[in-house]
Amino acid sequence: FSVIINGVAFNMVKVEGGTFIMGATEEQDYYEDRELPTHSVTLTDYYFGQSEVTQALWEAVMDNNPSLYKGVDIPVNNVSWKDCQEFIGKLNVLTNKKFRLPTEAEWEYAARGGNKSRGYKYAGSDSIDDVAWYDMNGEEITHPVASKQPNELGIYDMAGNVYEWCSDWYGIYTEEPQTNPQGPTTGPGRIIRGGSIDDLRDACTSTSRDNDDPNDCDSDMGLRLAL
């Protein structure tokens, strides 16, 4: 479905729930220890932003634009996890909906293509250049959303461009199966996913994970909405 805020439209894609193996599965020939152990996760249906939140949308809601790299269709960047919460709070007042940041599990499931997954290494392809702006092709600047190919669910830029904040605190994986996991109750930082224009291809896979202080903001960090 589509939402319009002060003349700026954005699209949400329905992700049908299912069960998947989260973490560094066999298509990931390079991975970090923090992507293991793999574990079964079951998710119920949710909606997920077709693209990263643009500067046009951020400005329509917040009346400011903190981005270092400027452009209406470029992902908002230089925003902290706490900034994102403020944005979402205001967006929810304007729309009377309950938008939020995705959980880490929701993010990975959507990146993998949900129940339409073809088992790609990156979100939508085994060839990173098809789907991502990253350090070898991005010229160290963020690019307009949806200018690369989408993944199996029609979602864009889940590899590269900007890192995307997730709702979870960072924690180590366990082997236990989980349903709609929310992550640990505290941790060293909040999860960031997807890699960015400053990253090597290894950081842009669908299973790569990192975290940052929720107060930190950087020119390669943005967000995507869930509902």
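**Entry 1**

I began with Phe48, which counts as buried at 0% relative accessibility. Buried here means under 20% relative accessible area, exposed means over 50%, and partly exposed is in between, with a 1.4 Å probe and protein chains only. I note that this is a predicted model, in which local features need pLDDT of at least 70, side-chain atom pairs count only at pLDDT 80 or more, and totals for chains, interfaces and linings use all residues. Residues are numbered from 1 along each chain as its sequence is written, and side-chain values use heavy atoms, with hydrogens and water left out.

I searched the whole structure for aromatic pairs and found 5. The ring centres of Tyr46 and Phe48 are 6.2 Å apart with the planes at 80 degrees, so I logged the pair as edge-to-face. The rule takes rings of Phe, Tyr and Trp (its six-membered ring) with centres within 6.5 Å; planes under 30 degrees apart are stacked, over 60 edge-to-face, and the rest tilted. Tyr46 is also buried, with a relative accessible area of 3%.

**Entry 2: Cores**

I looked up the largest nonpolar core and counted 28 residues, of which Phe10, Phe87, Leu223 and Leu225 touch the most other members. Such a core is a set of buried Ala, Val, Leu, Ile, Met, Phe, Trp, Tyr and Cys residues joined through side-chain atoms within 4.5 Å. Two or more residues each come from β1 (2–5), β2 (8–15), α1 (55–62), α2 (81–95) and β6 (163–169). Helices (H or I, at least four residues) and strands (E, at least two) are DSSP runs numbered from the N terminus. α1 gives the largest share of this core, 6 residues. Another core, of 22 residues, lies apart from it and includes Val15, Ala105, Trp107 and Ala110.

I then listed contacts of Leu225, leaving out residues up to four places away in sequence; among them are Phe10, Phe48, Phe87 and Arg100. Contact means heavy atoms within 4.5 Å.

**Entry 3: β6 and its partners**

I checked β6 and found 6 of its 7 residues buried. β6 runs parallel to β10 (residues 221–222), joined by 2 bridges, with Tyr163 opposite Met221. With β8 (residues 190–193), β6 pairs in the antiparallel sense over 3 bridges, and there Trp169 has Arg190 as its bridge partner. Strands pair if DSSP finds at least two bridges between them.

Arg190 came up again: this residue lies over the face of Trp81, 3.8 Å from the ring centre. Arg209 lies over the face of Tyr173, at 3.9 Å from the ring centre. For this I required NZ of Lys or CZ of Arg within 6 Å of the ring centre and within 35 degrees of the ring normal.

**Entry 4: Cysteines**

I searched for disulfides, meaning pairs of cysteine sulfur atoms within 2.5 Å, and found 0. The sulfur of Cys166 is 11 Å from the closest cysteine sulfur, in Cys84, too far for a bond. For Cys204, the nearest cysteine sulfur is that of Cys166, 15 Å away. Cys166 is buried at 0% relative accessible area, and Cys204 is buried at 1%.

**Entry 5: Gly138**

I found Gly138 in the loop between α4 (128–131) and β6. Gly138 counts as buried at 0% relative accessibility. Leaving aside neighbours within four places in sequence, Gly138 is in contact with Trp133, His143 and Ile197. Gly138 and Asn161 are 23 residues apart in sequence and 7.7 Å apart in space, C-alpha to C-alpha.
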